[in-house]
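Biologist: I would like to learn how to read the features of a model like this one. Can we go through them in turn?

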Amino acid sequence: MWESVRAIQARTPAVWALALALLIGAVTWQAPANSLISAARAQADFAPDPNVAANTLFVEAIEHILAADDAAAAAARLDRLRRAEANIDRIIADHPGSELAVQLITGQRIGWFDPAAFDRAVARTEEEVPAAAERDQRCGAMPVACLLLADASATAAEISHDHYRSRAIGLIAEGQAKVGLTETARFTLAHGLAGANGAPHSYVQLEAVREVVNALAALGLFAEALATAADIADDEERDEALHDITVAQAVAALFADALATADRIRDEGLQSEALRDIAAAQGAAGNIAEALVMARGIADDLHRSEALRLIAVTQADEGHFDDALQTARDIPGHTFWYRQSGSIRSKTFRYIAVAQAEAGHLAEALITARGVESRSARAEALGLIAAFQAAAGSTQEAQQVLAEALTTAGEVAEPVNRLDRLVIVASALGQAGLVEDAQRIFADTFSIIGEIEDVEFRPQLLSMIASYQTEAGFVDQGRRTFAEALSATDELVPRLRNRMIGMSAIAYTQAEAGLVEDARQTFAQVAALSHGVEDEFDSDYLLNYIVFNQADAAAASLWPGWVNRTPRSDGGG
């Protein structure tokens, strides 16, 4: 009967605070609970006869609701809420003439008890139970990911602005889907969609919808993602959303669907980027011939070069070095992502050289490395080959190649690029057992920091050094350098907004280095700083940025080599 009553009740808009509280496991019924129970019991003592039993049932229902508030497990909360629901059904069915029955049938609030809100609470808890069961089953195998996602949910709960909160929830759902928590992501996403509507021309609203699209695509709900993207009025944002769907479809090996989605992208540059991603996914799926045909057909030089690079990376990973080298030769020599870090062609040959060394083909690796045009890419390749030589027991040869690598690195004029190469080499040497050489190179990198003209960027470079120190096994040194990076952020970044963004990026790097508790502490410090931002809109933006880093770190925690990353990285940068 209660269901039929609900059908005629006046529905109020969803109460976001309740939804988000349920999302992180805290139903906020507690408020004036004792006073309500006392009032109900008083009614039971003095009310006319038809109301006595109804009042008793209502008091019991409230007690069940409060017990649900205290229950940690979703299943236990649902059990209590269903008991409360059964009591309310009995009030209407068994005591229809009571005042409480009339109020419940007409959907009136009774003290702080709102029948419509209670209805939503039961429905949401029913949805949450399978998500909670999924987390119980899977989080034991990936505690870092679940911990960071829970932190992200707690951060999102502090966001006041609907659209920023929606964007944050979209980010969390996407992160949950990426780590395999699909039921949890579906539950989370329902709340993200609720706040993404309205204000059709708001930039923040567009970002929120984009994150919802990403989360839908990450869940494999491509029809829903495409429908949501189609409703985006802004051409640029719609193209970005379609690109994101294309990538997800390509990763899922739905190549025909990915091509159809890419065809809907209006911006030619973004469409070329989508075709690049499809070609790369084809290559990763083993369809090298089809991937090469698609890559070579991309009109844009930059994206064609990048597609060929990614295919060559796949070929090298599979040990097909001659094929990888041939693909690399097809890359134009004039294409760059960042000119100071070398051409895409140079980066590709560097990757192949290191892959050859990792496979034990050290002589061939040296030939490939010495042919790399870019000094920075060549220095990195030689340094990593030296690490593999040392690991293989060829210490004398390793020292000779390392000397060649350091000489080459010294010729790199741009300090950030030189620093980046040296920390990668130092980390690889540390992992290979050449501790003194690694420590010496790390020490040299600190002097390069002083060459950086943009002082606000220095803390991020210190954070990068700390990450590689930790990766090399020098964990205490890494922690000290991370502390130095955070201290430098306080000293060198005067604007609070920029300082918080910098600290959040450092926290992500701490998590990436495996220092998860340190990262959580830094994230908490940044969130606390947000309370000092006078503009609430700006504060919400910064909290959203924290959520982005927390959710991204959670997804990254499942990457192969999360803490001990392979020295080869991914061939980029």
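Predicted model: local features only at pLDDT ≥ 70, side-chain atom pairs only at ≥ 80, totals over all residues.

Biologist: Where in the chain do phenylalanine 58 and phenylalanine 113 lie?

Modeller: Phenylalanine 58 belongs to helix 4 (residues 49-70), while phenylalanine 113 sits in the loop between helix 6 (99-105) and helix 7 (115-138). Together with Phe118, Phe58 and Phe113 form one aromatic cluster.

Biologist: What is the geometry of the tyrosine 164 and tyrosine 541 pair?

Modeller: The ring centres of tyrosine 164 and tyrosine 541 are 6.2 Å apart and the planes are at 70°; over 60 degrees counts as edge-to-face, so this pair is edge-to-face. Tyrosine 164 is in helix 9 (residues 162-178) and tyrosine 541 in helix 29 (residues 536-556), 377 residues apart.

Biologist: Are these two tyrosines buried or partly exposed?

Modeller: The cut-off for buried is under 20% relative accessible area. Tyrosine 164 has 5%, so this residue is buried. Tyrosine 541 has 24% and therefore counts as partly exposed.

Biologist: Next, the charged side chains. How many salt bridges does the structure hold?

Modeller: Side chains of opposite charge can pair when their charged atoms come close. The structure holds 27 salt bridges. In one of them, arginine 520 meets aspartate 151 at 2.5 Å, N to O. Arginine 520 is in helix 28 (residues 516-530) and aspartate 151 in helix 8 (residues 143-156), so the bridge ties together parts 369 residues apart in sequence. Arginine 520 is partly exposed at 25% relative accessible area, whereas aspartate 151 is buried at 17%.

Biologist: Which residue forms a salt bridge with glutamate 380?

Modeller: Arginine 421 does, the closest N and O atoms being 2.3 Å apart. This pair also links distant parts of the chain, with glutamate 380 in helix 21 and arginine 421 in helix 23 (residues 415-432), 41 residues apart. Glutamate 380 is buried at 1% relative accessible area, and arginine 421 is buried at 3%. Glu380 and Arg421 are linked with Arg350 and Asp420 in a network of salt bridges.

Biologist: What about arginine 276 and aspartate 277?

Modeller: Their side chains meet in a salt bridge at 2.9 Å, N to O. Arginine 276 and aspartate 277 are buried.

Biologist: How many disulfides does a search of the whole structure find?

Modeller: The search finds one disulfide. Cysteine 139 and cysteine 146 form it, with their sulfur atoms 2.0 Å apart. The angle about the S-S bond is -85°, and the link is left-handed. Cysteine 139 is buried at 16% relative accessible area, and cysteine 146 is buried at 14%.

Biologist: Which residues touch the most other members in the largest nonpolar core?

Modeller: That core has 70 residues, and those touching the most other members are Ile385, Leu419, Val423, Leu429, Ile441, Phe442 and Val547. Helix 21 (residues 375-391) gives the largest share of this core, nine residues. Apart from it lies another core, of 42 residues, among them Leu216, Leu292, Ala307 and Leu308.

Biologist: What is isoleucine 441 in contact with, leaving aside its neighbours within four places in sequence?

Modeller: Isoleucine 441 is in contact with Leu402, Leu406, Leu422, Val425, Ala426 and Leu429.

Biologist: Where does proline 459 lie, and is this residue buried or exposed?

Modeller: Proline 459 is in helix 25 (residues 458-471), and at 1% relative accessibility it counts as buried. Beyond four places in sequence, proline 459 is in contact with Ala485, Ala488, Thr489, Leu492 and Ile506. Methionine 503 is 44 residues from proline 459 in sequence, and their C-alpha atoms are 8.9 Å apart.

Biologist: What does the secondary structure of the protein come to?

Modeller: It comes to 29 helices and zero strands. Of the 573 residues in the protein, 54% are buried.

Key
Residues numbered from 1 in each chain as written. Heavy atoms only, no water. Helix = DSSP H or I, 4+ residues; strand = E, 2+ residues; numbered from the N terminus. Buried < 20%, exposed > 50% of the residue type's maximum accessible area, 1.4 Å probe, protein only. Contact = heavy atoms within 4.5 Å. Core = buried A, V, L, I, M, F, W, Y, C linked by side-chain atoms within 4.5 Å. Phe/Tyr/Trp six-rings, centres within 6.5 Å; stacked < 30°, edge-to-face > 60°. Disulfide = S-S within 2.5 Å. Salt bridge = Lys/Arg side-chain N within 4 Å of Asp/Glu carboxyl O.
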